[in-house]
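Subject: Structure handover

Hello,

Here is the structure I promised to pass on. Please open it first, then read my notes below.

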Amino acid sequence: MRRQREAIQDHAAEALLFKRRALVAFSIVVLSFMVVLFNQYHLQIRSYHEYQTRSEGNRIKVVPVAPNRGLIYDRNGILLAENTPVHSLEIIPEQVADIEQTLAELAKLIDISPELQESFLQDVRRQRRFNSIALKEQLSEQEVAILAVNQHRFPGVTLEARLSRTYPFGDLFTHSIGYIGRINSNDLQRLREQELAANYAASRHIGKIGLERYYERLLHGSVGYQEVEVNNRGRVIRTLRSDPAISGQDLILSLDVGLQLTAQQALEGLRGAVVALDPRTGAVLAFYSNPGYDPNLFVHGISSSNYNALLNSFDRPLINRVTQGIYPPASTIKPHLALIGLDQGIITPSSRIWDPGYYQLPNYSRRFRNWRRHGQGWVNVYGAIIQSNDTYFYDMAVRLGIDAISDSMKQFGFGQRTGIDIHEESAAIMPSRGWKRARYNQPWFPGDTVSLGIGQSYWTATPLQLATSTAILVNRGDSVVPTLLQGTRFQGEFEAVSYQREQAVRIQDPQHWQVILDAMEQTVNTREGTAFRAFQRTNYSSGGKTGTAQIVGIAQDAKYDADALQEQHRDNAMYIGYAPAEDPTIVVAIVVENTGGGGSTAAPVARQLFDYYFSAGVNQ
Amino acid sequence: MNDVISESQRPRGLAIFHIDAPLLLGLLALMGFGLLVLYSASGQSQAMMQAQLIRLGLALAVMVVFAQISPLTYKRWGLPVFILGLLMLIAVLLVGEVGKGAQRWLNLGFIRFQPSELMKLAVPLAIAWFISNHNLPPKIWRLLVGFVMCVVPTLLIAKQPDLGTALLIATSGIMVLFLAGMSWRLIAFIGLLISSFLPVMWFFVMHDYQKRRVLTFLNPETDPLGSGYHIIQSKIAIGSGGLQGKGWLQGTQSQLEFLPERHTDFIFSVLSEEFGLMGVVLLVSLYLFVIGRCMLLAIRAQDSFSKLVAGSLTMTFFVYVFVNIGMVSGLLPVVGVPLPLISYGGTSMVTLLAAFGILMSISTHKRILASS
């Protein structure tokens, strides 16, 4: 009985003990849950805004969208620069655990040169970690297929289809249109200074030279933005909002593909430059420097071997001969000088001099030779221009004096940039007393002036300057600014450029313009004219002036022997011309390096251009 | 006490089938809530919903079956099953299959089986049987034997390595000893002992990935793209849920796959993000209700064995909940413990409901026990 009672008591005691312990346990449960809830309160209420912000940042990314670059057409609507889709292999460094290893793995799949890898790693260091950086561009279809199949192995590595700039005519427009290239640190720096960096957030390329550079702002367009929702792998799930990019403006050039091709064919195998303008407006019709090079090589970064080949080529293809080629203008500037001679009263249309075949300064023994060794006898201004008499212009130059020549020729635009719409332009040199003092710390000698009369000595000009100075002649004093752009088109609306024309050369007797233009027409049309042979039997009228620039000095009384001279020391052939003779609509300037006479080599190039121009009705 | 007996002498309603109605209701409410969250967390996967529904149905069936079995049977079979489980754990270490980087599975030819799941039930049953053979509070040597019975399987499982399950099994064993009335002085002493053994654990027992988890837990922001990523993303998900949540299926963290393992271990983060603090309060209330009800059943249980088993299973369930929520919300290091009744998952769900089956059995078989 007692045992039983004890057992019951024990049982009751055990139950009580358990009940106490159970309550303790349950208290722990309640307490723990309170801790959990307090923590939840801390996370969800007190830190709500912080986590809300981080959550938003987690899912919404603002992705800039590159605008499509404006296209470039010739005057007839033929596409000269277009955007074509290409595939590129890109990597977002932020999403790749080990970039070096990923590169090694990728190199096992497709060919990635160490050079590419190195430049990619440089880009990685330079750019922000979340930017997608191109490793290899212009993938072949086979490479695209291989990468697409293996893509799952490479998080952060993507295949991108982008629009890439292509120039279907290759080297035909290199020196006018130029090319675009990857934005480098200098470009980036400049964009930041101009506060344009934001507009280039999605762009990888920028105009490097030529029109692509000059009209970068028109061509580029405005960046767009997309607010996208992404997952933790950075993959875009959907687009929340988008602010579309605005494409760049299309450029319509005044250049004519046919004229360009004519120029290219005419200069085949030669070094030289061809430029043709509409003298009424300055619209550039042809702009060609030979040899050219393929601008497509530069779009995705030219390989150093290709670049060195271009850089070290004897033909110097990288030089834009039209605007950067600096040549002695030679006899092509005789009409200009004659005009000033007439205006200053040094000569008259009928005044003559005796040409014994050379010119000698008083009290100097040195003889300045006429190209016609035995002289032309009595010669007036017409004869001097038609036959390009050197003696006449030696004499006239000396009588004009350096100051008059320098000042007047500057009015024709020599020694100054023409202001054409590309940045690669040289001012060349129109010498003066001050210039020589500054350049050589020497006084101006009378002998220096003699050679100026035939466009030699220190005087240099670019082919474009020759063309614009010719335009001033045919415009009877009005200058134009050479312009490659004819108009822009944006969303279907064409807007023409406004050409500038202003009086640059003012003379007392306007009749003197006619004297010069008549002489130039006769250079082409009379049997004695230096350009007669090149322009026989044309169905249009034209005028012009030849030039043959001496590259090396020839010793006194020595005979010029082209064969004995090294190629680069042979004479440059030059020609300036216009057509039709009445109310010209085209002027040209031609330079062909190291080939000899202007009449025999340069004038035929002008003839081919004019023939094409009139038969194809370019300017109609 | 007479009240309890007289009440249980007249079983009403579901009690006829040995089912505790309030507990069942609480479980069903949690399961329903869980399915709702899972639908969102699985990315609205029909297949996963179907699999989970089948699993829940199976687990409920197992619960009903376990509820029919008399507590006496459990008391009788506790030790043999415990020994069998121990042998299988050793077998797993020797010939077990590797799944997800850990050796947990034993292939018996016709079924792949996790012995550690069996031990979740066998450990509390066996220890409770051993302790309750004599008067409570137990003598020190009995506590020591009980402790060893708990530690051996725990270490075997931790070795697999499965820290989460090891933790749960340790809890179930220790809880039996605690509820049996081990003296507070002893508890303090053991607490001191364990904390002095922690460095030993760190250097000699823990695997590298376990150490990494602990380090990451201490400062997740140091490695935001590595192992700290889970915790950071989880906290962002929870925090950005705010008071009311982003709405069902609207959680950006979960829907956009920022959250790892979002339908299994990290499902609580999905719930927090989409239902906010209000959802969390509801969930915790449901858990508290279930735990409270189970504790009540344990206190009302007729004999010490039943009380200890019921109390231990209840506290294990609690540890499940607490460890999971604690880990995903940054209170505890990441250990692989699912959120009970909510997470998508296989064997643990069945074991869990088997435990509730045992609890129901204990609460509904008293009359028979009293008359015996």
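A term to start with: a residue is buried if 20 or more other C-beta atoms lie within 10 Å of its own, exposed if 12 or fewer, and partly exposed in between, with C-beta atoms placed from the backbone. By that rule, buried residues make up 51% of the 372 residues in chain B. For chain A, 42% of the 620 residues count as buried.

This is a predicted model, where local features need pLDDT of at least 70, side-chain atom pairs count only at pLDDT 80 or more, and totals for chains, interfaces and linings use all residues. Residues are numbered from 1 along each chain as its sequence is written, while chains are lettered from A and ligands numbered from 1 in the order in which they are written.

Confidence in chain A

pLDDT is the predictor's confidence in each residue, from 0 to 100. Chain A has a mean pLDDT of 87, and 93% of its residues reach 70 or more. Helices (H or I, at least four residues) and strands (E, at least two) are DSSP runs, numbered from the N terminus. Confidence in chain A is lowest in strand S1 (residues 60-65), at a mean of 75, and highest in helix H20 (residues 463-474), at 96.

Folds and cores

Chain A has 22 helices and 23 strands. Chain B has 15 helices and 3 strands.

A nonpolar core is a set of buried Ala, Val, Leu, Ile, Met, Phe, Trp, Tyr and Cys residues joined through C-beta atoms within 7 Å. The largest one holds 120 residues; A:Val588 and A:Ile590 are among those that touch the most other members. Apart from it lies another core, of 115 residues, including A:Phe33 and B:Leu136.

Where the chains meet

Two residues are in contact if their C-beta atoms, placed from the backbone, lie within 7 Å. The contact takes 41 residues from chain B and 33 residues from chain A. On the side of chain B that touches chain A, H12(B) gives the most, with 12 residues.

One helix to look at

Helix H4 (residues 71-95) of chain B has 25 residues. The expected span is 1.5 Å times one less than the number of residues. Among the buried residues of H4(B) are B:Tyr74, B:Phe82 and B:Leu89.

Best wishes
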